[in-house]
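Try each task yourself before reading its solution.

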Amino acid sequence: MIVCVGLATSDTILAVPRHPQPDDRVVASERVVAGGGPAATAAVAIARLGVPVRFVGIVDELEGVDVVRVPGEMAQSTVIVGGGTRAIVTTEPQLFDVPSGALDGADWVHVDHVGYPAVHAHAGLQLSVDGGNAIPGLAVEGLALYAPTEVTDDGRRARLTVVTRGASGCTAFSEDETIDVPAFPVRAVSTLGAGDVFHGALLACLVRGLGLRDALVHANACAALSCRALDGRSAIPTWDELERSLA
């Protein structure tokens, strides 16, 4: 089982023909309200791929996910999507402590910038860290998996480091090899949450027993397929759909 700890958000997503300028007015062509957040979206991807998953954080519920709810107010975000890019305005997330027993039975524990402070003092975890947002005091050495973006990659390496490169795919650095995997072609509506989906899919594939290269290929495809919708979750494929897309 995989346990994801960290941020869940309620997102209001607006599709626009162009990003607004100061004192500007732009009319949205579409509006969607959906769930988001790095750790929460990774948990949904894991569940869609048929792997048992638990989420620990401030949230009401997640599709297909065992939830350990932590008291607090869920963060709210407004996301503007247009011209192939996005802009996010969000409220400050609340930090929290992990309830006793919430990490029990975890093969992997996956965290984001909100989850890491809650679990980093726990010993004996096979820890995966989403490095897409800055994490003060993050010690990369000794992590089982570190996943920065191309923008946030500062050259530090864990036992396995996977750098996501958007439309250019990803690069994995292990103790034995470097693996480059090209992106999976898809007609993207929005890339919102794609990195989060990639992280969840990669862990799900590793738990399913795939080798590293195959897991990276599947995770790339899963993240790409999630870009078919304006929000970051509704187009995440199931395992059968993912397998068909790669056949």
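Two strands pair if DSSP finds at least two bridges between them. Strands (E, at least two residues) and helices (H or I, at least four) are DSSP runs, numbered from the N terminus. This is a predicted model: local features need pLDDT of at least 70, side-chain atom pairs count only at pLDDT 80 or more, and totals for chains, interfaces and linings use all residues. Residues are numbered from 1 along each chain as its sequence is written, and side-chain values use heavy atoms, with hydrogens and water left out.

**Exercise 1.** Work out how strand β6 pairs with β2 and with β7.

*Solution.* Start with β2 (residues 9-15) and β6 (residues 75-82): they run parallel, joined by seven bridges. One to look up is Ser10, whose bridge partner in β6 is Gln76. Next, take β7 (residues 85-90), which runs antiparallel to β6 with six bridges. Here Gly82 has Thr85 as its bridge partner in β7. Finally, check the hairpin of β6 and β7: two residues sit between the strands, and Gly83 takes a positive phi near 65°.

**Exercise 2.** Describe how helices α4 and α5 cross.

*Solution.* Take the axes of α4 (residues 212-226) and α5 (residues 239-246): they come within 10 Å and cross at roughly 105°. That makes α4 roughly perpendicular to α5 (65 to 115 degrees; under 35 is roughly parallel, over 145 roughly antiparallel, and the rest oblique). Axes are lines fitted to C-alpha atoms, for helices over the stretch in contact, and angles run from 0 to 180 degrees between N-to-C directions. Now for the contacts: α4 brings residues including Val217 and Leu225, and α5 brings residues including Trp239 and Leu246.

**Exercise 3.** Which residues touch Val162, not counting those up to four places away in sequence?

*Solution.* Val162 touches Leu145, Tyr146, Ala147, Pro148, Cys170, Thr171, Ala172, Phe198, Leu202 and Leu216.

Terms used:
Contact = heavy atoms within 4.5 Å.
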